[in-house]
Amino acid sequence: MNRYDVGRDGYLDLTELKYMMEKLGAPQTHLGLKQMIQEVDEDNDGKISFREFLLIYRKAQAGELEAESGLKQLARLTEINVEEVGVSGAKNFFEAKIEQQLRTNKFHDEIRQEQEERRRQEEEKANRRLLFQQRAAIFQ
């Protein structure tokens, strides 16, 4: 879920859910996405919290999701069956997910550093320009 939480607010909103479903290869219509959120949105805030996200799997396990619903597709595309892959397979799956998250965070950190460097350079340029204008004003 964190991978798709672009706003970093701990929730998946409609846009983030849309992006996630597209990346998973199961794009949904606008109404389908709204229905997905509504089905698990216990606090009616229009977004999916981590607890509500886990509710998707609980409902899937209990057979409470419609066969071709967006939530059923989401659960199917993101679940791991420990009985099929074994505990070590599940361990490898989650370690790979963690590694992927770390790489994503590293990428975001690099982008953030580049943006800060650009911002710093722009500030220095503006300060130099201001200093030049102040010195030029002395000669006028």
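# Exercises on helix packing and aromatic pairs

Helix 3 and helix 4 pack with their axes 9 Å apart and at an angle of about 95°. That makes helix 3 roughly perpendicular to helix 4. The model is a predicted one, and the exercises below work through it.

## Exercise 1: the contacts of helix 4

Determine which residues of helix 3 and helix 2 meet helix 4, and how helix 2 is oriented against helix 4.

Solution. 

Step 1. Start with helix 3. Its residues Phe 53, Ile 56, Tyr 57 and Ala 60 meet Leu 71, Lys 72, Leu 74, Ala 75 and Thr 78 in helix 4.

Step 2. Turn to helix 2. Helix 2 covers residues 30-40 and helix 4 covers residues 70-78; the two pack at an angle of about 80°, with their axes 9 Å apart. An angle of 65 to 115 degrees counts as roughly perpendicular, so helix 2 is roughly perpendicular to helix 4.

Step 3. List the residues on both sides. Helix 2 contributes Met 36, Glu 39 and Val 40, which meet Gly 70, Leu 71 and Leu 74 in helix 4.

Step 4. Compare the lists. Leu 71 and Leu 74 are named in the contacts with helix 3 and also in those with helix 2.

## Exercise 2: the aromatic pairs

Find how many aromatic pairs the structure holds, and classify each by its geometry.

Solution. 

Step 1. Decide what to read off. A pair of aromatic rings is described by the distance of the centres and the angle of the planes.

Step 2. Count the pairs: there are two. In the pair of Tyr 4 and Tyr 19, the ring centres are 5.8 Å apart and the planes stand at 65°. Planes over 60 degrees apart count as edge-to-face, so Tyr 4 and Tyr 19 form an edge-to-face pair.

Step 3. Check the accessibility. Tyr 4 is buried at a relative accessible area of 9%, whereas Tyr 19, at 37%, is partly exposed.

Step 4. Take the other pair. Phe 53 and Tyr 57 are 5.7 Å apart, centre to centre, with 75° between the planes, and this pair is also edge-to-face. Both residues lie in helix 3 (residues 50-61), four residues apart, which is about one turn of the helix. Phe 53 is buried, with a relative accessible area of 7%; Tyr 57 is partly exposed, with 23%.

## Exercise 3: a charge over a ring

Identify the residue that lies over the face of Tyr 11.

Solution. 

The residue is Lys 47, and its distance from the ring centre is 4.6 Å.

## Exercise 4: residues with positive phi

Explain why the phi values of Arg 8 and Asn 44 deserve a note, and state whether each residue is exposed or partly exposed.

Solution. 

Step 1. Recall the background. Most residues other than glycine have a negative phi.

Step 2. Look at Arg 8. Its phi is positive, about 50°, although it is not a glycine. Arg 8 is found in the segment before strand 1 and counts as partly exposed at 45% relative accessibility.

Step 3. Look at Asn 44. Its phi is also positive, about 55°, and Asn 44 is not a glycine. Asn 44 lies in the loop between helix 2 and strand 2 (48-49) and is exposed, with a relative accessible area of 66%.

## Exercise 5: a loop residue and its contacts

Locate Gln 28 and list the residues it touches beyond four places away in sequence.

Solution. 

Step 1. Gln 28 lies in the loop between helix 1 and helix 2.

Step 2. Leaving out residues up to four places away in sequence, Gln 28 touches Met 21, Leu 33, Met 36, Gly 70 and Gln 73.

Step 3. Gln 28 and Ser 69 are 41 residues apart in sequence, with their C-alpha atoms 9.6 Å apart in space.

## Exercise 6: the chain as a whole

State how many helices and strands the chain has, and which residues the UniProt annotation "domain: EF-hand" covers.

Solution. 

Step 1. The chain has five helices and two strands, in the order β-α-α-β-α-α-α along the sequence.

Step 2. According to the UniProt record, an unreviewed entry, the annotation "domain: EF-hand" covers residues 1-27 and 28-63. The span 28-63 is 64% helix and 6% strand, and its end C-alpha atoms lie 21 Å apart.

Step 3. Of the 140 residues of the chain, 24% count as buried.

How values were computed. Residues numbered from 1 in each chain as written. Predicted model: local features only at pLDDT ≥ 70, side-chain atom pairs only at ≥ 80, totals over all residues. Heavy atoms only, no water. Phe/Tyr/Trp six-rings, centres within 6.5 Å; stacked < 30°, edge-to-face > 60°. Buried < 20%, exposed > 50% of the residue type's maximum accessible area, 1.4 Å probe, protein only. Lys NZ or Arg CZ within 6 Å of the ring centre and 35° of its normal. UniProt positions renumbered as here; feature names shortened; annotations may be inferred. Axes fitted to C-alpha atoms, helices over the stretch in contact; angles between N-to-C directions. Parallel < 35°, antiparallel > 145°, perpendicular 65-115°, else oblique. Contact = heavy atoms within 4.5 Å.
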